[in-house]
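Student: I have a new structure to look at. Could you show me how to read it, one feature at a time?

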Amino acid sequence: MGNFDYLSNYVIPSDILLNLLNIYKQIGKYEALDNDNINKYSVNITKSIEDDTFALAQYIGVKVSFERLRLIITKDFLPKNKEEVKVASVKKMLISMRENALKDKLPINSVDILDLLKKIYGSSVKLNVNDFILHGNSKKTVRYKFNTLLDSYDELLKSKKQEPIVLSSVAVMEMYNIKPYSEYNDLAVILTYYYFLLKCGVLSFKYVSFFKLFLNKIAQTRTISNKTGIAEHRAHACDTHFASYFYHKSPDKTKQSWHPQPHKQIKHLPKAPCLC
């Protein structure tokens, strides 16, 4: 069975479908915003990048003071040590991801995602080239399985045979189960999901911080036992609410629940303060 074969018989539940309709309503509004007022709202685009960078810096557990974080993120001050280099690298990485996903709509492969991790953690991160995983009736390397998954995702996205946000959510669940990298697979999944949503045209994340919303949502769901309902609706953030719900209501009941763990030094993700 292929990575997404079961989706051909999967009926999207009505509550998720309603959320998807709200998402596409907001996508239409943001498309109009892009076309008519892009220059007027350029400050908001910059602010969302800054908030994304701060949230990711908190998630990976960088040992940098808030004041230095603010200067590096908002003023592009030169980093003074390895920890500060991580912060600057995260910001550059996010800007590049937006450009590649929104403007060029480039596909992403296992090496691209590995390069993202290396920008933060250095060359110690590797692809699991020697690990094997069951693929149909035979065993294939994890790298082969993962590249096949990404290729299938791009083919289905181009064919428009599946709803793209559902398809993206299933793809990252599969990625989490494969665990294609030697370490930091949770972060790799989150970065990939961000890229997928941008590529699907979820333009709200040009103006609203994906990582601030998504990582806080994960922190919240971790503290609420056996909750599967969708959280209080916010129009500009319903994308992340849908995703959080979908992870806990997988159409493939054999899949494990997706609970990415933050860096060991971070017990929970604090809300990002204003960097103004």
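Tutor: Gladly! Let's begin with aromatic rings: rings of Phe, Tyr and Trp pair if their centres lie within 6.5 Å. Keep in mind that this is a predicted model. Here, Tyr193, Tyr194, Phe205, Phe210, Phe211 and Phe214 form one aromatic cluster, and the structure holds 11 aromatic pairs.

Student: How are the rings of tyrosine 193 and phenylalanine 214 placed, and what kind of pair are they?

Tutor: Their centres are 5.9 Å apart and their planes stand at 50 degrees, so this pair is tilted. The pair links distant parts of the chain, with tyrosine 193 in helix H8 and phenylalanine 214 in helix H9, 21 residues apart.

Student: Is tyrosine 193 buried or exposed?

Tutor: Tyrosine 193 counts as buried because its relative accessibility is 1%. Phenylalanine 214 is also buried, at 1%.

Student: How do I read two packed helices?

Tutor: They are described by the angle between their axes and the distance between the axes. Take H4 (residues 82-104) and H8 (residues 185-199): their axes come within 8 Å and cross at roughly 35 degrees. This crossing is right-handed. Residues making the contact include Met93, Leu94 and Met97 of H4, and Leu191, Tyr194 and Leu198 of H8. By type, the contact residues divide into 9 nonpolar, 1 polar and 2 charged.

Conventions: Residues numbered from 1 in each chain as written. Predicted model: local features only at pLDDT ≥ 70, side-chain atom pairs only at ≥ 80, totals over all residues. Heavy atoms only, no water. Axes fitted to C-alpha atoms, helices over the stretch in contact; angles between N-to-C directions. Helix = DSSP H or I, 4+ residues; strand = E, 2+ residues; numbered from the N terminus. Left-handed = near helix turned anticlockwise from the far one by under 90°. Contact = heavy atoms within 4.5 Å. Nonpolar A, V, L, I, M, F, W, Y, C, P; charged D, E, K, R; others polar. Phe/Tyr/Trp six-rings, centres within 6.5 Å; stacked < 30°, edge-to-face > 60°. Buried < 20%, exposed > 50% of the residue type's maximum accessible area, 1.4 Å probe, protein only.
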